[in-house]
Amino acid sequence: MFPGQLSGGQQQMAAIGRALMSNPRLLLCDEISLGLAPLVVEQIYRSFADIRREGTAVVLVEQDVKRALATSERIYCLLKGRVSLTGPAQGLQPEQLTHAYFGN
């Protein structure tokens, strides 16, 4: 199978695999769930726990707030290029994130 024949989810997983082959200390993921089937997104997010367990830190840029909160240890919310909220993911309330993200 050629790279152009892979589905979006397969391409995303191949990109993560390629990145991990160099044994990085940090993996940067930008909107990793965008346009992918829910099952594929779930598989990718499940893999983050294993990646972190192996010693690689993961920085995830994601607009799916519920998924980000469920997956992350710490949240940084940006508004107009500035950090508007930071804290442990488990302690943040959705209202806090809404305020920090939209500035309401």
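## A first look at the salt bridges and helices of this chain

E42 and R46 sit four residues apart in helix α2, so about one helical turn separates them. These two residues form a salt bridge, with their closest N and O atoms 4.0 Å apart. Welcome to the structure: please keep in mind that this is a predicted model.

**The chain as a whole**

- The protein chain contains four helices and four strands.
- A box of roughly 50 × 30 × 25 Å, taken along the principal axes, is filled by the C-alpha atoms of the chain.
- Of the 104 residues in the protein chain, 28% are buried.
- Take the contacts between residues at least 6 apart in sequence: 41% of them join residues at least 24 apart.

**Helices α1 and α2**

- Helix α1 covers residues 8–20, and its axis comes within 10 Å of the axis of α2, crossing at roughly 15 degrees.
- Because angles under 35 degrees count as roughly parallel, α1 is described as roughly parallel to α2.
- The crossing in which α1 passes α2 is right-handed.
- On the α1 side, the contact is made by G9, Q12, M13, I16 and L20.
- On the α2 side, V40, Q43, I44 and I51 take part in the contact.

- As a general point, side chains of opposite charge can pair when their charged atoms come close.
- The count of salt bridges in this model comes to five.
- E42, a partner of R46, is partly exposed, with a relative accessible area of 32%.
- E42 also meets R67 in a salt bridge, at 3.2 Å from N to O.
- This second pair links distant parts of the chain, since R67 belongs to helix α3 (residues 65–71) and E42 to helix α2, 25 residues apart.
- R67 counts as partly exposed because its relative accessibility is 21%, and buried would mean under 20%.

**The bridge between E73 and R52**

- Another salt bridge brings together the side chains of E73 and R52, at 4.0 Å from N to O.
- E73 lies in the loop between α3 and β3 (74–79) while R52 is in helix α2, so this pair ties together parts that are 21 residues apart in sequence.
- E73 is exposed, with a relative accessible area of 62%.
- R52, at 31% relative accessibility, counts as partly exposed.
- Salt bridges that share partners also build a network, which joins E42, R46, D64 and R67.

**A buried glutamate without a partner**

- Where does E31 lie? E31 is found in the loop between β1 (26–30) and α2 (38–53).
- E31 is buried, yet it has no salt bridge.
- The nearest side chain of opposite charge to E31 is R67, and it is 10 Å away. A salt bridge needs a side-chain nitrogen within 4 Å of a carboxyl oxygen.
- Which residues is E31 in contact with, leaving aside its neighbours within four places in sequence? They are V61, E62 and Q63.

Terms used
Residues are numbered from 1 along each chain as its sequence is written. This is a predicted model: local features need pLDDT of at least 70, side-chain atom pairs count only at pLDDT 80 or more; totals for chains, interfaces and linings use all residues. Side-chain values use heavy atoms; hydrogens and water are left out. Helices (H or I, at least four residues) and strands (E, at least two) are DSSP runs, numbered from the N terminus. Buried means under 20% relative accessible area, exposed over 50%, partly exposed in between (1.4 Å probe, protein chains only). Lys and Arg count as positive and Asp and Glu as negative; His and the chain ends are not counted. Contact means heavy atoms within 4.5 Å. Axes are lines fitted to C-alpha atoms, for helices over the stretch in contact, and angles run from 0 to 180 degrees between N-to-C directions. Angles under 35 degrees count as roughly parallel, over 145 as roughly antiparallel, 65 to 115 as roughly perpendicular and the rest as oblique. A crossing is left-handed if the near helix is turned anticlockwise from the far one by less than a right angle, and right-handed if clockwise.
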